[in-house]
Amino acid sequence: DVAVIRQKQLTIRGVGPRPVFHADGQSAEGKAQLVIRIGDVLIENLAFTGTRVPSLNGAGIRHEHGHLTVRRCAFVDNQNGILTANFDDARLTIEDSEFGDAPGTEGHLDHLLYAGRIAELTIRGSRFFRGHTGHLVKSRAKRTTLEYNLIVDSPEGQASYEVDLPNGGIARLVGNVIGQSARTQNPALVSFGPESQAWPESRLVMAHNTLVNDADVAAEFVRVWPERLPAAASVDLVNNLFVGAAAGLAAQRA
């Protein structure tokens with residue numbers, strides 16, 4: 001079953017061993033298995049797999065407005081695990097969940113999670129693995145918080161960036177393990193500000209993270225584009241551990 005959720009307040013909770021929503025060729029509005037139109041919605045203990053749509057942007061969940069909380073869920077083998085729209089009244093919170101096995105759609109970048117230009121993305125205690133060409137976590141949100149996650153492309157993975165923050169914004173990365181595989185499509189692990197139209201205020205704070213490069217090529221562990229960010233943008237790196245071959249200092253100009 002697929003659905004468009006329009007309720008103002010709703011909880012959908014799987015009971016017992018995690019129930020699986022397998023798309024099997026179906027989608028709501030050609031977007032996702034579940035489309036969250038608006039409201040305060042909690043989705044807990046469910047798995048979403050196999051989403052494919054003609055636009056190549058099929059998602060387990062498409063989030064448009066309101067506040068969506070995803071807790072103890074799994075998103076495996078979808079064109080996007082979760083994909084949001086670009087509305088500044090939207091917030092997405094993810095806790096204790098896992099995203100993996102990007103399908104590698106020909107001619108398309110499959111991201112495990114893609115947050116558009118929304119107000120806030122928060123991810124805690126979650127795992128991201130086995131990307132393919134696309135990024136493990138991509139966020140255009142005004143405010144992005146990643147805390148205590150395992151964002152590590154497995155040996156079979158071929159992701160580009162592990163964390164991509166193309167429009168800058170206020171980003172806080174604390175206590176994560178972030179790693180790229182030997183088959184990576186891009187030597188940078190964390191990218192901050194590569195695209196234009198950045199948020200008026202941009203600051204990257206990274207503290208107590210471990211970044212691991214398993215590729216033979218030297219990694220740019222944190223790559224920053226200061227010329228594309230606001231003049232007052234800042235980057236603070238505190239007590240991070242960088243493991244593997246490095247291209248130089250952690251913060252890099254393009």
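This is a predicted model: local features need pLDDT of at least 70, side-chain atom pairs count only at pLDDT 80 or more; totals for chains, interfaces and linings use all residues.

Trainee: Which residue in β20 does T145 stand opposite?

Mentor: T145 has R172 opposite it in β20. The strands concerned are β17 and β20 (residues 170-174), which run parallel and are joined by five bridges.

Trainee: And what joins β14 to β17?

Mentor: Five bridges join them, and β14 (residues 120-124) runs parallel to β17. In this pairing, I123 stands opposite L146 of β17.

Trainee: Why is β17 described as largely enclosed?

Mentor: Strand β17 (residues 143-147) has four of its five residues buried, so the rest of the structure largely encloses it.

Trainee: How many strands does the open sheet have, and in what order?

Mentor: The open sheet has nine strands with parallel pairing, in the order β2-β5-β8-β11-β14-β17-β20-β23-β26. Its edge strands are β2 (9-13) and β26 (234-238), each of which pairs on one side only. On average, neighbouring strands of this sheet are turned by 5 degrees against each other, direction ignored.

Trainee: What holds such strands together, in general?

Mentor: Strands of a sheet pair through backbone hydrogen bonds, and the pairing is either parallel or antiparallel.

Trainee: Over how many bridges do β5 and β8 pair?

Mentor: Strand β5 (residues 40-44) pairs with strand β8 (residues 67-71) over five bridges, in the parallel sense. D40 has H67 as its bridge partner in β8.

Trainee: New topic: is H108 buried or exposed?

Mentor: H108 counts as buried, because its relative accessibility is 18% and buried means under 20%. H108 lies in the loop between β12 (98-100) and β13 (113-115).

Trainee: What does the side chain of H108 make a polar contact with?

Mentor: The side chain of H108 makes a polar contact with the side chain of D110, at 3.0 Å. The H108 side chain also reaches the backbone oxygen of L56 at 3.3 Å. Leaving aside neighbours within four places in sequence, H108 is in contact with L56 and N57.

Trainee: How many cavities of 30 Å³ or more does the structure hold?

Mentor: The structure holds one. The largest cavity contains about 30 Å³ of space.

Trainee: Which residues line the largest cavity?

Mentor: The lining residues include F75, N80, F99 and L112. β9 (74-76), β10 (80-84) and β12 each supply at least two residues of that lining.

Methods. Residues are numbered from 1 along each chain as its sequence is written. Side-chain values use heavy atoms; hydrogens and water are left out. Buried means under 20% relative accessible area, exposed over 50%, partly exposed in between (1.4 Å probe, protein chains only). A polar contact is a pair of N or O atoms within 3.5 Å; within protein, one must be able to donate a hydrogen and the other to accept it, and residues adjacent in sequence count only if both atoms are side-chain atoms. Contact means heavy atoms within 4.5 Å. Two strands pair if DSSP finds at least two bridges between them. Axes are lines fitted to C-alpha atoms, for helices over the stretch in contact, and angles run from 0 to 180 degrees between N-to-C directions. On a 1 Å grid over the protein atoms alone, a cavity is a set of points where a 1.4 Å probe fits but cannot get out, and a pocket is an open set with protein on both sides within 12 Å along at least five of seven lines; lining residues have an atom within 4 Å of a point. Grid points are joined across faces, edges and corners, and a volume is the space filled by probe spheres set on the points.
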